[in-house]
Amino acid sequence: MKVIPIRMPKFPECWESCGSCASGDVFILEMLVEPGDFIERDANILTLETGKVALDIPSPHAGRVVGVHVTAGDTVAEGALLVTLEAE
């Protein structure tokens, strides 16, 4: 089995140029997975709140969730560890 860390992706470039969507902290509004869940590639793992918009974050890999490293209400930065998957 291969263990795959899923990290917070790079924020969209428009957030830096405009700044309107990302005003305030970026925090987790809702976790959509928990340990033991099997998720497909591109399945949403959490929803972010940016102050202006809610944004779903998909998984770049399929696998079984073996670790959830953030919770609702946490602020997250680019590169933060979100979930650990176990893939075949």
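This is a predicted model: local features need pLDDT of at least 70, side-chain atom pairs count only at pLDDT 80 or more; totals for chains, interfaces and linings use all residues.
Contact here means heavy atoms within 4.5 Å. T84 sits in strand β7, which covers residues 81–87. Leaving aside residues up to four places away in sequence, T84 touches V3, I4, R64, V65, V66, G67 and H69.

- T84 has a relative accessible area of 12%, and because buried means under 20%, T84 counts as buried.
- The side chain of T84 also makes a polar contact with the side chain of H69, at 2.5 Å.

**Strand β7 and its cover**

- β7 is mostly covered, as five of its seven residues are buried.
- As a general point, side chains in a regular strand alternate between the two faces of the sheet.

- Four strands form an open sheet in the order β1-β7-β6-β3, and their pairing is antiparallel.
- At the edges of this sheet are β1 and β3 (38–39), each of which pairs on one side only.
- In general, the strands of a sheet pair through backbone hydrogen bonds, in either a parallel or an antiparallel way.
- On one side of β7, six bridges join this strand to β1, and the two run antiparallel.
- R7 has L81 in β7 as its bridge partner.
- β6 also pairs with β7 in the antiparallel sense, here over four bridges.
- R64, one of the residues that T84 touches, has E86 in β7 as its bridge partner.
- Further along, two bridges connect β3 with β6 (residues 63–68), again in antiparallel fashion.
- R64 in β6 also stands opposite F38.

**The largest nonpolar core**

- The largest nonpolar core has 19 residues, and those touching the most other members are I45, L46, L48, V76, L82 and V83.
- Two or more residues of this core come from each of β1 (2–7), β2 (27–31), β4 (44–49) and β7.
- β7 contributes the most to this core, with four residues.

How values were computed: Residues are numbered from 1 along each chain as its sequence is written. Side-chain values use heavy atoms; hydrogens and water are left out. Buried means under 20% relative accessible area, exposed over 50%, partly exposed in between (1.4 Å probe, protein chains only). A polar contact is a pair of N or O atoms within 3.5 Å; within protein, one must be able to donate a hydrogen and the other to accept it, and residues adjacent in sequence count only if both atoms are side-chain atoms. A nonpolar core is a set of buried Ala, Val, Leu, Ile, Met, Phe, Trp, Tyr and Cys residues joined through side-chain atoms within 4.5 Å. Two strands pair if DSSP finds at least two bridges between them.
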